Amino acid sequence: MHPRSLLLPLLLLASACGPSSSVDEGLGVVQELDTSEQGITDFVRSGHYKSWLAEPTVHETRAPHGSKVRVFFNDLVVGSLRDGNATHPVGSILVKEMYEKDGKTLRGHALDVKISDGAGKDTWIFYEGFGPNYDNNYYGRAHDTCHGCHSDGKDYVTTPLP
Ligand code: HEC
């Protein structure tokens, strides 16, 4: 099955907001991350997040992000989750690796970055892209495909600290 086919019904529900072309929310660099679509693509492909705190293993997803996943947390969001904050500080970043069923072949990445203080979907940029080219990505502040499920979490974060 095509990896995107699971998201398609949600996309249709969410109306016209689908994958974007290369765009930029114009928020520049946040916590050393260039928050343009290209900047986030370069970042996830670089694997620089791999030194962050991570879930111990690749595991089955609870969401339509592909069959197996592993989530990484940058230091800012680790501290904030430990403190039990209601909202996370600007520069909080979470990366989700998405794998094929074999749990070994990396298909793509999802990333959330907190770009302004306070509550609400507008305080996050959401990104999701798939290899090998990452040329048909979801990208945007308060992206319509993403914020719905994530509003179930605390300030849009749904994965507990490992
Ligand atoms: C149908 C519900 C749903 C939708 C739609 C959804 N997510 Fe998620 N997301 C989840 C769940 C549940 C998790 C927890 C990990 C898991 O089980 O895969 C998660 C985890 C994540 C994580 C790891 C951090 C966290 O909050 O747990 C990121 C990053 C992420 N999603 C990004 C996105 C992006 C970007 C989009 C839009 C393209 C999106 N998600 C759309 C349900 C959803």
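Author: Accessible areas come from the Shrake-Rupley method with a 1.4 Å probe. The model is predicted: local features need pLDDT of at least 70, side-chain atom pairs count only at pLDDT 80 or more, and totals for chains, interfaces and linings use all residues. Residues are numbered from 1 along each chain as its sequence is written, and side-chain values use heavy atoms, without hydrogens and water.

Reader: What makes Asp24, Glu25, Asp34 and Asp42 a patch of negative charge?

Author: Asp and Glu count as negative, with the charge placed at CG of Asp or CD of Glu. Asp24, Glu25, Asp34 and Asp42 gather on the surface in such a patch.

Reader: Why is Asp42 called partly exposed?

Author: Buried means under 20% relative accessible area and exposed over 50%, with partly exposed in between. Asp42 has 44% relative accessibility, and therefore counts as partly exposed. Asp42 lies in helix α2; helices are DSSP runs (H or I, at least four residues), and strands are runs of E of at least two.

Reader: Which residues of α2 are buried, and what do they pack against?

Author: In α2, residues 37-46, the buried ones are Glu37, Gly39, Ile40, Thr41, Phe43 and Val44. Their packing partners, by contact (heavy atoms within 4.5 Å), include β6 (93-99) and β7 (106-114). After α2 comes Gly47, with a positive phi near 75°.

Reader: How much of the chain is buried?

Author: Of its 162 residues, 47% are buried.

How values were computed
Buried means under 20% relative accessible area, exposed over 50%, partly exposed in between (1.4 Å probe, protein chains only). Patches are made of residues with over 30% relative accessible area and no salt bridge: like charges are joined within 9 Å, nonpolar side chains (Val, Leu, Ile, Met, Phe, Trp, Tyr) within 5 Å. A salt bridge is a side-chain nitrogen of Lys or Arg within 4 Å of a carboxyl oxygen of Asp or Glu.
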